[in-house]
Amino acid sequence: MQNVERLSITLPTEMARLIRTKVEQGGYASNSEVIREAMRAWQEQELRRVEHYEAIRAKIAEADADPRPSFTEEEAERHFEARLKKSIMARGEHD
């Protein structure tokens, strides 16, 4: 069995009522069991959040390490305007 530590927590009345209701309905053996399950769910959520941010950081690092030259805002605008014109011309949608 894992080591355990007793904590005293304060919850809003509605949360405490929900915990007691779950125990009374037989879904859980104790208030502590409800809290432990909630904490496990929170830990999983935190792990997913950390992994998500690590993936974003990795993509940023990859972009920063990209040896290709960066476009200025004006160059990017010209590039996409030219692509749009080419696409319009290809569909025959002239002004």
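The crossing of α1 and α2 is right-handed. Keep in mind as you look around that this is a predicted model. Let's stay with that helix pair for a moment. The angle at which α1 and α2 pack is about 115 degrees, and their axes lie 9 Å apart. That makes α1 roughly perpendicular to α2, because angles of 65 to 115 degrees are counted as roughly perpendicular.

Now follow α1 on its own. This helix has 12 residues, and the distance from its first C-alpha to its last is 16 Å, close to the 16 Å expected at 1.5 Å a residue. After α1 comes Gly26, and the phi of this glycine is positive, near 90 degrees.

The largest pocket holds about 740 Å³ of space. Its lining is made up of 14 residues, and those nearest the centre are Glu5, Leu7, Ser32, Ile35 and Arg36. Sorted by class, the lining of this largest pocket contains six nonpolar, four polar and four charged residues.

The second largest pocket has about 160 Å³ of space. Which residues line this second largest pocket? They are Ile9, Leu11, Ala16, Ile19, Arg20, Asn31, Ser32 and Ile35. Here the two helices come back into view: α1 (13-24) and α2 (31-65) are the elements that give two or more residues to the lining of the second largest pocket. By class, that lining has five nonpolar, two polar and one charged residues.

Key:
Residues are numbered from 1 along each chain as its sequence is written. This is a predicted model: local features need pLDDT of at least 70, side-chain atom pairs count only at pLDDT 80 or more; totals for chains, interfaces and linings use all residues. Side-chain values use heavy atoms; hydrogens and water are left out. On a 1 Å grid over the protein atoms alone, a cavity is a set of points where a 1.4 Å probe fits but cannot get out, and a pocket is an open set with protein on both sides within 12 Å along at least five of seven lines; lining residues have an atom within 4 Å of a point. Grid points are joined across faces, edges and corners, and a volume is the space filled by probe spheres set on the points. Ala, Val, Leu, Ile, Met, Phe, Trp, Tyr, Cys and Pro count as nonpolar, Asp, Glu, Lys and Arg as charged, and the others, Gly among them, as polar. Helices (H or I, at least four residues) and strands (E, at least two) are DSSP runs, numbered from the N terminus. The expected span of a helix is 1.5 Å times one less than its number of residues. Axes are lines fitted to C-alpha atoms, for helices over the stretch in contact, and angles run from 0 to 180 degrees between N-to-C directions. Angles under 35 degrees count as roughly parallel, over 145 as roughly antiparallel, 65 to 115 as roughly perpendicular and the rest as oblique. A crossing is left-handed if the near helix is turned anticlockwise from the far one by less than a right angle, and right-handed if clockwise.
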